[in-house]
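Subject: Structure for you to look at

Hi,

Here is the structure I promised to pass on. Have a look at it first, and then read my notes below.

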Amino acid sequence: MRSRLANCGYNREPFLFSAYLPVRLSELLPGNTAVVHTVEDVGSADPIARRLRDLGFVAGEPVKLVAFGPVGNDPLLVQIGFTRFALRRSEAARVQLQAAGASA
Amino acid sequence: MSTAENALRVALLGNPNCGKTALFNQLTGSRQKVANYAGVTVERKQGRYTAPSGRTVELLDLPGAYSLDAASPDEAITRDVCLGIAAGESRPDLLVCVADATNLRLHLRFVLEVRRLGQPMVLALNMMDAARRRGIEIDIAALERELGLPVVETVAVKHAGAQALVQRLDRVVAAPTKRDAADADLHAEVRQLLAAAVRMPARTAAFDDVIDKVALHPVWGLVLLAVLMFLIFQSVFSWAEPLMDGIEGGIKALGDWAVASMAEGPLRSLLTDGLFAGLGGVLVFLPQILILFLFILALEESGYLPRAAFLLDRLMFKAGLSGRSFIPLLSSFACAIPGIMATRSIQDPRDRLTTIMVAPLMTCSARLPVYTLLIAAFIPQRTVAGLFNLQGIVLFALYIAGIASALLVAYVMKRFSRDRSEHALLMELPSYRWPHPRDLAIGLWERGWIFIKRVGGIILALTILLWFLSTFPGPPEGATGPAIDYSLAGRIGRWLEVVFAPIGFNWQICIALIPGLAAREVAVAALGTVYALSGSDDAIAAELGPMIATQWPLATALSLLVWYIFAPQCLSTLAVIRRETNSWRNVWIAAGYLFGLAYVASFITFQVTRMLST
Ligand SMILES: Nc1nc2c(ncn2[C@@H]2O[C@H](COP(=O)(O)OP(=O)(O)OP(=O)(O)O)[C@@H](O)[C@H]2O)c(=O)[nH]1
Ligand SMILES: [Mg+2]
């Protein structure tokens, strides 16, 4: 829920927030690229976060948001390294981005 | 041939979809399933070949894994074999880690993770053909040096494309000369490796990007998916027609010829009423089944399926499933058994259980004979909107009904579940690939054979058994009704009729349902036998369709169609549910809810149709 609200706000007022830098992967728009800062655990020993790190979501790695799914902008198609993964919004919200990496 | 003791035991492992099974098939000459998505292989598979030196190599094909830190049942198998903790199996002598040369950023990390085990290992850089096409340059010598282990190039889908690997495995392979500490940053090391040995012009294939623009488009993507699915069902119905007519005619002629010189008697009756009526009734559906499989095989190899899963994930999630359920459920259209097994690649245990529970609702190919028979008999052959065939539309509607009820059941399961923690998707989208006509042909040939063997085996045996039950005991002196009324089958059918009369089934249907438990398509053969025996004497292999069209009310036919959408009419499916969930409880739940749904839905269909048609 939280991530969807965050996203709506971002979509509705893109101009007001033109200086706004996305801080999570789930806030990127298709075509945007950024650099991963870290993957946050939800709860202790979060297996999803662990798997994301294994797949290459680690500090310094460039990511690109390629596309949204057709319903409710979910899931997200994300390019990491040479591979494309479909992630749900809640999974992508675990990935925090580096401040300098965004390009709208 | 060398003895098993000095055989070299080699395991193939690596990330999903890197071509392990293709390599396995190439080396051992087997025909395990290869397809273009992550999670095709879900069990360990064993094979062997003889190396040039004459030594026997025992090869093990393992499920793909992103990490030895397993997240799903199939990954756990791979982990257990690698660590040597798999039940009843010692550690392999040698590991062949397979990596997709176009996807090294991801795959090399797993190679490093495996290298940590300190086992003798070889790295096979597979898909070198695709890498070359994309202009990717890999300095093998540098990679070998940096990794401290032998590296060979392979093209698993090309004849003799694994020669280098065979040669290398025939020489001594030592443990890697380098090894990371347990807490080393493997990702950093992969970056170094890539910098030292790989030149990559672009991160992705341009071809994929172009197609994905359409295939993943929020509107066009969904349109494409719908058109594709509809086309498949239309062609299953219309392309197969001429072929089916041919087969039907051929078998009838064969039957006539076989008994032409035979005297009247039980043997002749067994041949015509049992054998040819039963066999013909089912073989006729071979073309439809092959066309359906052709499409499924082509889709599997193209890499489109995970895209469809991506498009549908949100909808499936709302219904209590996951995009990951898409491929198992699509496989269930062929047969629920491989479909249920394919759920092993679903990480979330709840999603996996839900998918297993609803997989039997997908219209498997064994239901096609029943559907086709009834549709051909009761639905007029008419063109709708100048383009579509009414019979095709009804068939499509039956498929949709199966899907809709699966979504409904999944939704109910989700509602009743108390566990509200998060479900994960995390699904890789592979590169597109052109299906190889030769592989498609081989795949089709295999499926066709399996179908024919089933017809030959189970169906034949059951049809003959049924013939016995329907023929003996013979009618008493002076009996007036058809002989089958007095037989064992007739009696059983009449008992069952008490239960099934409210949903419109006559006793002939009731009898046919029993052997239909072994395999759904047998029901058609069984109906053929029962009617051939209960009809007049000249009903030699009489065509079942026209016969039931005159004898059954429409309500009965529709009720039976609806029955087949739901009914747990397949013991093998229940057995697989038992094996995959390791619980009898789940089997009872599945069988119970499917039976309940079938009965209620058929009841409503029958009663409503009857009311409307009088
Ligand atoms: N172009 C090309 N395609 C290949 C090669 N090897 C395998 N493929 C294709 O890659 C896809 C995956 O092959 P599989 O053998 O099923 O992969 P796997 O590693 O067994 O996959 P999982 O069982 O899911 O872990 C299939 O579409 C193959 O046709 C190759 O050397 N070149
Ligand atoms: Mg495989």
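Predicted model: local features only at pLDDT ≥ 70, side-chain atom pairs only at ≥ 80, totals over all residues.

The largest share comes from H13(B), with 7 residues. By type, the residues on this side of chain B divide into 20 nonpolar, 9 polar and 13 charged.

Now for the contact as a whole. Chain B puts in 42 residues and chain A puts in 35. About 3,300 Å² is buried between the two chains, and carbon and sulfur atoms give 56% of that.

Next, the charged pairs. The count over all chains comes to 29 salt bridges, and the count between chain B and chain A is 9. One to click on is Arg191(B) with Glu61(A), where the closest N and O atoms are 2.7 Å apart. That pair crosses from helix H7 of chain B to the loop between helix H2 (47–54) and strand E2 (62–71) of chain A. Another salt bridge links Arg51(A) and Glu75(B), with the closest N and O atoms 2.8 Å apart.

Strand E4 (residues 83–87) of chain A runs antiparallel to E11(B), and 3 bridges join them. Within that pairing, Ala86(A) has Met427(B) as its bridge partner.

Then there is ligand 1. Which residues come nearest to it? Of the 24 residues around ligand 1, the nearest are Lys20(B), Thr21(B), Ala22(B), Thr41(B) and Glu301(B). For Ala22(B), a backbone N or O atom lies 2.8 Å from an oxygen atom of the ligand. A polar backbone atom of Gly19(B) is 2.9 Å from an oxygen atom of ligand 1. Arg433(B) uses its side chain instead: a polar atom there lies 3.3 Å from an oxygen atom of ligand 1.

Strand E2 (residues 45–50) and strand E3 (residues 56–61) of chain B run antiparallel and are joined by 6 bridges. Tyr49(B) stands opposite Val57(B) in E3(B). The hairpin has 5 residues between the strands, and Gly54(B) takes a positive phi near 95° in it.

Most residues other than glycine have a negative phi, and most peptide bonds are trans. Ala45(A), however, has a positive phi of about 50° although it is not a glycine. You will find Ala45(A) in the loop between strand E1 (33–39) and H2 of chain A. The other case is the peptide bond from Asp74(A) to Pro75(A), which is cis, with omega near -5°. Pro75(A) lies in strand E3 (residues 74–80) of chain A.

Cheers

Conventions. Residues numbered from 1 in each chain as written. Chains lettered and ligands numbered in written order. Heavy atoms only, no water. Contact = heavy atoms within 4.5 Å. Buried area = accessible area lost by both parts, 1.4 Å probe. Salt bridge = Lys/Arg side-chain N within 4 Å of Asp/Glu carboxyl O. Helix = DSSP H or I, 4+ residues; strand = E, 2+ residues; numbered from the N terminus. Nonpolar A, V, L, I, M, F, W, Y, C, P; charged D, E, K, R; others polar. Pairing = 2+ DSSP bridges. Near = heavy atom within 4 Å. Polar contact = N/O pair within 3.5 Å; in protein donor to acceptor, adjacent residues only side chain to side chain.
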